[in-house]
Amino acid sequence: MIQLLLVEDNEMNRDMLTRRLERKGFDIVAAGDGEQALAMIEESMPDLVLMDMNLPIKNGWATCQELRKNPRTEKLPVIALTAHAMAEDKQKALDAGCDDYTTKPIDFPLLIQKIENLLSKKTELGV
Amino acid sequence: MFTPPRLTLRLRLSISIIAIVALFTLTNITYQVSSENRNLRLDNLQNAVASQLGIVSIRQLLENQQKQILVLDALKNSEGENLTRQENDKGLEGLISLQAEIMRLEPFVFSETAESYNSLIENYKSLNQDWRQFYVGYNERRTPTIKKVEKKFNTTMKLLSEFESIEIVATEQQTLNLQRTVRFTDRITLAIYLFTIALTVSLGYLLIRYTNRSLNELNKGTVRIGGGDLKYHIPVNNDDEIGDLTIAFNQMSDKLSNAMAQVQQSKEKADQANRSKTNFLANMSHELRTPLNAIIGYSEMIIEDYREENSLDEAQAVEDLQRILSSGRHLLQLINDVLDLAKIESGNMTVFNETFDSVDIIEELLTTMAPIAKKSGNVIVLEKSNHIPKLYNDAVKFRQLLLNLLSNACKFTEKGKITILASYNEKNNHAVFHVSDTGIGMTPSQIELVFKAFVQADSSTSKKYGGTGLGLAICKQFVELMQGSMDVTSAEGKGTTFTVLLPTKAVSQVKKDAIPSENQQELSLDITHSTSVNNDDENNANSLGRVLVIDDDQAARQLLLRHLEKEGYRAIEADNAKDGIKIANEQQPDLILLDLMMPNIDGWTALSVLKESDNTRHIPVILQSMLDEKTLGLDLGAAEFLPKPVDRQRMATTLRHLNPQERRGVALLISPESDARDLLLEELADEAWQCMTAITCTQAEERMQQKSVDIIFIGLGIETETVIDILAMLSAQQKSGVPITPIYIVSETPLSKEQSRRLDLPADQIIFSISLKKNNRQTLY
């Protein structure tokens, strides 16, 4: 089963996304902030990370940069989820090392497509 | 103290010209002097020549005379012949002319020759005397001795020669002197002439050079300033016209530079404002998207559940719907707050000052806040330090302000104490309100940002504690609008205290241009209201009219009553349709506000009863409902429809529109009872006419005596004879001074030629009931 790590501090949004993704057949683990996410990745490697950018303790950008620095998690696919909708916000997320970016409110089918794209790319690369 | 005059360009030019003219004059004078000397020299020469000629002729005459005397002497001695009288006279004449000749030399005598001349004259006189004696005494032979005469003659000749030589020397000397003077004056003239030329040239050169240099400096400076170097100052070298020009130029560039700086500054400000607007929009977008995410996500999920799984877990769905609802509410709050802020920023937020008791409002708020405080285990306490006078300020804003502060305190405090300390500062006439909590507090950097829009201490705070992050920004703006001030002190982990200072009496300041006309109307209505509050019940003259409110819901009724009173109406209430109809019949209100959803008799039934009765048909009915029933309502005879919940502004406009006191006028309809008549009545009432009816000519006359009528409608089945009677009655009235009233004949069919002739009416006064509703409305306006 494909495991996704959802990093999201807003309880409502976390609950909603977890349930919707679970219905699509993903195994979801959730974290509320960047530190927690890093700890969880250390423990068990997920297949993909969905990360909100405005997080307490350690924000999404910093968390993503840290993931890219670590050889173990260097290639771990990350999709940024954020309510910041400006073009430069997207660039900021990509610069921090995110593989893709989606704006809230989330277009769910598009999110699924993005997840599948990244996962298939990962299998192609044979990681 | 002597101050040297300014060496202006004009002065320089003047001095140069004066100098040149003076030198020119001097040249002229010296020339004159030299030419005079020259003339003198010429005269001298002429004199010298004349005197020489004179001397020569004198010598000749002397010698001739001597010869004659010698001859006479010889003759006297030899023949002893006497002189004839003629010869004697001739001789004496010769002596006289000789004397005259000698005397003619006198003008040529100089000081040097005067002595010689004098001795010559003296000698001659003596000689002359002898010669004379010679002639006079000749015939008596008493003549002086010839020897003596000869001796005198020789002396005279010698003296003449002497005089001649001295005269020549003196003349030469004189000439030499004159020549010297002429030479000297010539030199002076030349020198002055040359000097004048030199001076003119050098002065011209200096002036040109000096002016040129100053102008060059000025030119260079202008080019530099023109090129944008506004800081450049042209050096001021001279205290003259060009110097003045330079100073003026420098001042101009200074002013220009200042203006540029100001423009730059305002541009920076505008840029800053633009940036913060962009930031605000970005934040706004972010804040709106977060709750929208939940709303859309949960909604989609529920739809998925329902469609795909076909197994809706009801409990789960309700829970999700609750989340959608709460997100929606959050969104609404956010939008309201943003609108409030925008309204404040654009200057459209108006302040409605009134006198209120701040403590009353706080106590009321304590009741409202109690359940919220209880939820987080907080206690709210009100402490009053002294008597607080009533405030004259915006009560609504005061309420919102304190509500915001209290809910804020509750939000960031758990199991703590929230204190409102109200006091009055007599010195500066300010009421002071402290709202303190024992909550999480803030760090100094957080305090700095606390009044900024969209900034909460930490983005995670908003997620934990909720809120839009705009509340305190709005509070701050409110306080400023209320002419007060607001401050905050806080210690992390210990709590926060917000302090609000409000003047006990706010100065009313109506910024006319900032308030749209609608608000002004609201304002003026408020004023009429506040004046009528004092006189309240007994003074109905000020009331805009009486409005009957029929609604079973007490809260809704109370709200309407408050709105109505604020707008200046007197309200009558009924909590059910039956009572409402009864009151309408008895008290004849000007307007009726009718709720459609009521138990027992509903609004629809009440409307039809009111519209069926002659007694109440004319009263405009405004329907109210949550559902949009406008079309049906208007078809059934309602004057207007207002959706619930009531929008105060819209209600005020509707009331004003329908208020009989602002009606067009009184219409008299003379017609037998019929459906068509009722339809016309309804139509007229809708168009804000107050209607009276009459069936006969007599009745019509009575009605017109009761009330002045603005328009008359006749028709719909009235006999032509009756119509003629009425017209006769009206024309009789007009003759007796009653103003002319427009008359309309209402007929279902066009009048026959015969009828028209008999009625003698212009065709445009005839309208037809068939087309009344659609086409001919405008004739009624």
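I'm working from a predicted model.

**Thr616(B)**
I looked up where Thr616(B) sits: in the chain B loop that runs between helix 15 (603-612) and strand 11 (621-625). Buried or exposed? I get 1% relative accessibility for Thr616(B), so I put it down as buried, the cut-off being under 20%. Skipping neighbours within four places in sequence, I list Ala584(B), Asn585(B), Val609(B) and Leu610(B) as its contacts.

**Ile718(B)**
Next I went to the loop between strand 15 (711-715) and helix 20 (720-735) of chain B, where I found Ile718(B). Ile718(B) counts as buried because its relative accessibility is 15%. With neighbours within four places set aside, Ile718(B) touches Ile670(B), Ser671(B), Pro672(B), Ile695(B) and Val723(B). I also checked Val746(B), 28 residues away along the chain: its C-alpha is 9.8 Å from that of Ile718(B).

**Chain B against chain A**
How many residues does the contact take from each chain? I count 25 from chain B and 21 from chain A. The buried area comes to about 2100 Å², with 53% from carbon and sulfur atoms.

Which helix of chain B gives the most to the side touching chain A? That's helix 5, with 17 residues. Helix 5 (241-309), helix 6 (314-345) and helix 10 (459-465) each supply at least two residues there. By class, I noted 7 nonpolar, 10 polar and 8 charged residues on that side of chain B.

How values were computed. Residues are numbered from 1 along each chain as its sequence is written. Chains are lettered from A and ligands numbered from 1 in the order in which they are written. This is a predicted model: local features need pLDDT of at least 70, side-chain atom pairs count only at pLDDT 80 or more; totals for chains, interfaces and linings use all residues. Side-chain values use heavy atoms; hydrogens and water are left out. Helices (H or I, at least four residues) and strands (E, at least two) are DSSP runs, numbered from the N terminus. Buried means under 20% relative accessible area, exposed over 50%, partly exposed in between (1.4 Å probe, protein chains only). Contact means heavy atoms within 4.5 Å. Buried area is the accessible area (1.4 Å probe) that two parts lose on being put together, summed over both. Ala, Val, Leu, Ile, Met, Phe, Trp, Tyr, Cys and Pro count as nonpolar, Asp, Glu, Lys and Arg as charged, and the others, Gly among them, as polar.
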